[in-house]
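Me: I am new to this structure and would like to go through it by question and answer. Please show it first.

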Amino acid sequence: MKKLAYFTILSLVLIFAFGTATAQDMMYGEAPMLAALVEAGELPPVEERLPAEPLVITPVERIGDYGGQWRSAMVGGLDHIWMIRLMAYENLIRFTPDWSGLMPGVAKSFSANDEATEFIFELREGLRWSDGAPYTADDITFWYEDVLTNEDLTPTIATWLISGGEPLAVEKIDDFTVKFSFSTPNGLFLQNLASILGCGPTSYPRHYLQPFHKDYAEDIDALVAEAGASDWVEVFQAAGGVEPCFWTNTSFWQTTEIPTMHAWRLTSTYGGGSGRVVAERNPYYYKVDPEGNQLPYIDTMIFDQLEDKETLLLQVLNGDIDMMARHFNSAANRPIVYDNREAGGYYTYGIVGEGANMTALAINLTHLDPVKRGIFQNKDFRIGLSHAINRQEIVDIVYLGQGEPRQIAPNPDSPFYDEEFAYQYTEYNVDLANEHLDKAGYAERDDEGFRLGPDGERISIIVEAGDLFGRGWPDVLELIQGYWGAVGIHMEPRIIDRSLLVSRKVNSEHDATIWGASGGLDVYLTPIWYFPSDPVESAYAPLWTKWYFDPETGEEPPEAAQRQMQLFDQIKGTGDLERQAELMAELLAIAKEEFYVLGINSITPGYGIAKNYFRNVPATSTGSWKFPWPAPIDTTLFFIEAGAQQ
């Protein structure tokens, strides 16, 4: 296995370190609310609800107490992502809590051949969906045969599931063993499967979804008519037939009926009329603690659906949030949140971000307006904009001195760290900014001192952002507006809802956007800020990205970007660690030279809060989207001290 990429070697060792060899010898415990249902004859005994070999996981503090409600919140559109992060990370395999390797999840074990073309997964016998129906290899083949390779449901297969131009093949070996195969090496497959992307094989209960599928329904046309739907796909998705980790589609979270492998199951829906989402424990969940107590410890999760961050901050300060690290936890709010700990009855913990930049400013290089496209693709123009920004002032004012001026580049802890890449064009120098903007060909100005484009019109840039994640982006934009105005570039900040922002980015309808840049540590799974490979998150060249996935669409990129795409395809096509590193180094060197996007400042230390009675939260842990904190540190181990919650 020595040639498998990244930390796969360690992952295979961790099968035994995190294994379940002793689980069969345990006496199992369960939550009182489930014990009552067993006594009433409404549930089978706990030993019949657990698989033969449950996954045993160890708390960071102690064995927890059963019971309680975990109160949290969501803010604005598409914030079901917070639910994804808390309870939708139940893949076949998963990252270890410290992100150092891979470990079993729903699968009991996994292995790969030396060529990284075949991957075997052994399931846990006795696994059950939340309604008690068995989870077997048939559920995985249903996902593969009837969802992933069904063009109506999956018009485009994700690139991580394609190698050598062909999608993976899935073969059922027996009821509890499946083989995933690729025609050529897929050196990043296991890492992707363990990431937030890998929820597909564990998200489609065959027994429940078949009646809504055109190939199995007794009368699909009648179902479509009854639902008032446009087609069978809409019916299937409304039934919950969408991957729960699919963050741009909320269908899974808008039904309470679909069985799940998650630790909690919805009893009220996202976007429902109550303004609150509720989820209760799954009585068939497959994990236990070292003493055999079935997880999760907490009975119920409650998410208030809020319209603004200010309301959330008040809830935090009032002690009405049990555990959370989202939207309220800005650098500006840190003093008041920390000072209020005793009054609010909560403590704070740290989150180390793996990101490459707190504030990534992506100019749309594939703008639909050919004039703006030409301006934005001019590298001297982008360099001029970069030198015009007083990054240190942004760090001091918006982020209270935390972090430093920085471009988007691998962090010092990364083996790909390049100091010159990290700090190029970050010097605040108005004269140098003007020099580059003049050199770009935009020296002529109007009566108000703003530069004119090749069409004789004022160069004006609308920068769109969401007021998200507590990152202070509205304040950043206000400062940049002044910096750019001083060198003759008119800029208009625009704060919009996340769902609208996503739509505009995907369709290349924006001038520029602000977002946070990933890829500070993990450049293999999140290379999207280094070459055009994500139209949503990075958004500096959405049409080039579309072309990468399908040359019949989008816009053909220039030679440099195409070379990066070839390099990344070669990275995916080998299991040789050294060769992958060589290819990635070349890809990053091109990103450095092309300077696609502007970075502003380094990631600042994150923080969250938890009530004093809310336990088993690590003092510090790593946060990312592909490593979707806090799910990998296992939220099922969090507990509320008995009798403490009022």
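Me: Is proline 51 buried or exposed?
Reply: This is a predicted model, in which local features need pLDDT of at least 70, side-chain atom pairs count only at pLDDT 80 or more, and totals for chains, interfaces and linings use all residues. Residues are numbered from 1 along each chain as its sequence is written, and side-chain values use heavy atoms, with hydrogens and water left out. Buried means under 20% relative accessible area, exposed over 50%, and partly exposed in between, with a 1.4 Å probe and protein chains only. Because its relative accessibility is 3%, proline 51 counts as buried.

Me: Which residues does proline 51 touch, leaving aside those up to four places away in sequence?
Reply: Proline 51 is placed in the loop between helix H3 (46-49) and strand E1 (55-56); helices (H or I, at least four residues) and strands (E, at least two) are DSSP runs, numbered from the N terminus. Leucine 127 is 76 residues away from proline 51 in sequence, yet the two are 4.8 Å apart in space, C-alpha to C-alpha. With contact taken as heavy atoms within 4.5 Å, proline 51 touches Arg124, Glu125, Gly126, Leu127 and Tyr286.

Me: How many residues apart in sequence are the parts that cysteine 199 and cysteine 245 tie together?
Reply: The structure holds one disulfide, a term for a pair of cysteine sulfur atoms within 2.5 Å. Its partners are cysteine 199 and cysteine 245, with sulfur atoms 1.9 Å apart. Cysteine 199 lies in the loop between helix H6 (189-194) and helix H7 (206-209), and cysteine 245 in the loop between helix H9 (232-238) and strand E11 (264-266), so the parts tied together are 46 residues apart.

Me: What is the handedness of the link between cysteine 199 and cysteine 245?
Reply: Both cysteine 199 and cysteine 245 are buried. The angle about their S-S bond is -70 degrees, and the link is left-handed.

Me: At what angle do helix H15 and helix H18 pack?
Reply: Two packed helices are described by the angle between their axes and the distance between the axes. Axes are lines fitted to C-alpha atoms, for helices over the stretch in contact, and angles run from 0 to 180 degrees between N-to-C directions. For helix H15 (residues 391-398) and helix H18 (residues 473-486), the axes are 10 Å apart and the angle is about 150 degrees.

Me: What is the phi of phenylalanine 595?
Reply: Phenylalanine 595 is in the loop between helix H22 (577-594) and strand E21 (598-599). At 3% relative accessibility, phenylalanine 595 counts as buried. Although this residue is not a glycine, its phi is positive, at about 50 degrees.
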